[in-house]
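Here are my notes from a read through this model, written as numbered points. Please keep the sequence and the structure open beside them as you go.

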Amino acid sequence: MRRIVMAMLLLVPGPVSRSPALASAASSTELPLVVANDNRTPAGTMRDGVLTLELAVVMARWYPEAANGPHVDLLTFAEVGKAPTIPGPLVRVRRGTRVRMVIRNTRADSSIGVWGM
């Protein structure tokens, strides 16, 4: 029987733009827009039995209800060269697959921790 191991990367710090100073700083710059991840497309590229995945932690703007509704600026994961998604990129590999993952924190004002990888 084949088994597939799946992991979703979640960034837990929550909304960042709570203070007026942070809110004005976030709104004065163009933030990438978060897109919905339907978790049907695995992240990364598979080559010679190795899954390579490059992720960045980025500040992004999320409209949870509608494109013209309220929004929140938050930290999220994005595959390098792609839009940030909620939930984060789907990591799906078969047991025994080698994974090469690079996670870059683009935010100087935060730190991240990764467990279970």
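The points below go from the overall fold to single residues.

1. **Overall picture.** Please bear in mind that this is a predicted model. The protein has 1 helix and 8 strands, and along the sequence they come in the order β-α-β-β-β-β-β-β-β. The chain has 117 residues, and 25% of them count as buried. If you look at contacts in the protein with a separation of 6 or more, 70% come from residues 24 or more positions apart.

2. In soluble globular proteins, nonpolar side chains tend to be buried together. Here the largest nonpolar core has 11 residues, among them Leu-31, Ala-43, Met-59 and Phe-77. S4, S5 and S7 are the elements that give two or more residues to this core. Which of them gives the largest share? That is S4, with 5 residues.

3. **The second largest pocket.** This pocket holds about 180 Å³ of space. Its lining is made of 14 residues, and those nearest its centre are Asn-37, Thr-41, Glu-79, Lys-82 and Thr-85. At least two lining residues come from S2, and at least two from strand S5 (72–79). By type, the lining divides into 8 nonpolar, 3 polar and 3 charged residues. Two of the residues nearest the centre, Asn-37 and Thr-85, get points of their own next.

4. **Asn-37.** You will find this residue in the loop between S2 and S3. Is Asn-37 buried or exposed? Asn-37 counts as buried because its relative accessibility is 16%, and the cut-off for buried is under 20%. A polar atom of the Asn-37 side chain lies 2.8 Å from the backbone nitrogen of Asn-39. Setting aside residues up to four places away in sequence, Asn-37 touches Thr-85, Ile-86, Pro-87, Gly-88, Pro-89 and Leu-90.

5. **Thr-85.** Thr-85 lies in strand S6 and is buried, with a relative accessible area of 13%. Beyond its neighbours within four places in sequence, Thr-85 is in contact with Val-34, Val-35, Asn-37, Thr-76 and Phe-77. Phe-77 is also one of the residues of the largest nonpolar core. On the polar side, the Thr-85 side chain has a polar atom 3.0 Å from the backbone oxygen of Pro-87.

6. Most residues other than glycine have a negative phi, and most peptide bonds are trans. Please take a look, then, at the bond joining Ile-86 and Pro-87: this peptide bond is cis, with omega about -10 degrees. Pro-87 is found in the loop between strand S6 (85–86) and strand S7 (90–94). Both Ile-86 and Pro-87 are among the residues that Asn-37 touches.

7. **Asn-39.** Which backbone angle deserves a check at Asn-39? The phi of Asn-39 is positive, about 55 degrees, although Asn-39 is not a glycine. Asn-39 is in the loop between strand S2 (35–36) and strand S3 (45–47). Because its relative accessibility is 22%, Asn-39 counts as partly exposed.

8. **Asp-48.** Asp-48 also has a positive phi of about 55 degrees without being a glycine. Its place is the loop between S3 and strand S4 (50–62). Why does Asp-48 count as exposed? Its relative accessibility is 77%, and the cut-off for exposed is over 50%.

9. **Thr-97.** Thr-97 sits in the loop between S7 and strand S8 (98–105) and counts as partly exposed, at 21% relative accessibility. From Thr-97 to Asp-48 there are 49 residues in sequence, and the two are 10.0 Å apart in space, C-alpha to C-alpha. Leaving out residues up to four places away in sequence, Thr-97 touches Met-46, Gly-49 and Leu-51. Leu-51 is one of the core residues from point 2. The Thr-97 side chain also has a polar atom 2.7 Å from the backbone oxygen of Arg-94.

Notes. Residues are numbered from 1 along each chain as its sequence is written. This is a predicted model: local features need pLDDT of at least 70, side-chain atom pairs count only at pLDDT 80 or more; totals for chains, interfaces and linings use all residues. Side-chain values use heavy atoms; hydrogens and water are left out. Helices (H or I, at least four residues) and strands (E, at least two) are DSSP runs, numbered from the N terminus. Buried means under 20% relative accessible area, exposed over 50%, partly exposed in between (1.4 Å probe, protein chains only). On a 1 Å grid over the protein atoms alone, a cavity is a set of points where a 1.4 Å probe fits but cannot get out, and a pocket is an open set with protein on both sides within 12 Å along at least five of seven lines; lining residues have an atom within 4 Å of a point. Grid points are joined across faces, edges and corners, and a volume is the space filled by probe spheres set on the points. Ala, Val, Leu, Ile, Met, Phe, Trp, Tyr, Cys and Pro count as nonpolar, Asp, Glu, Lys and Arg as charged, and the others, Gly among them, as polar. Contact means heavy atoms within 4.5 Å. A polar contact is a pair of N or O atoms within 3.5 Å; within protein, one must be able to donate a hydrogen and the other to accept it, and residues adjacent in sequence count only if both atoms are side-chain atoms. A nonpolar core is a set of buried Ala, Val, Leu, Ile, Met, Phe, Trp, Tyr and Cys residues joined through side-chain atoms within 4.5 Å.
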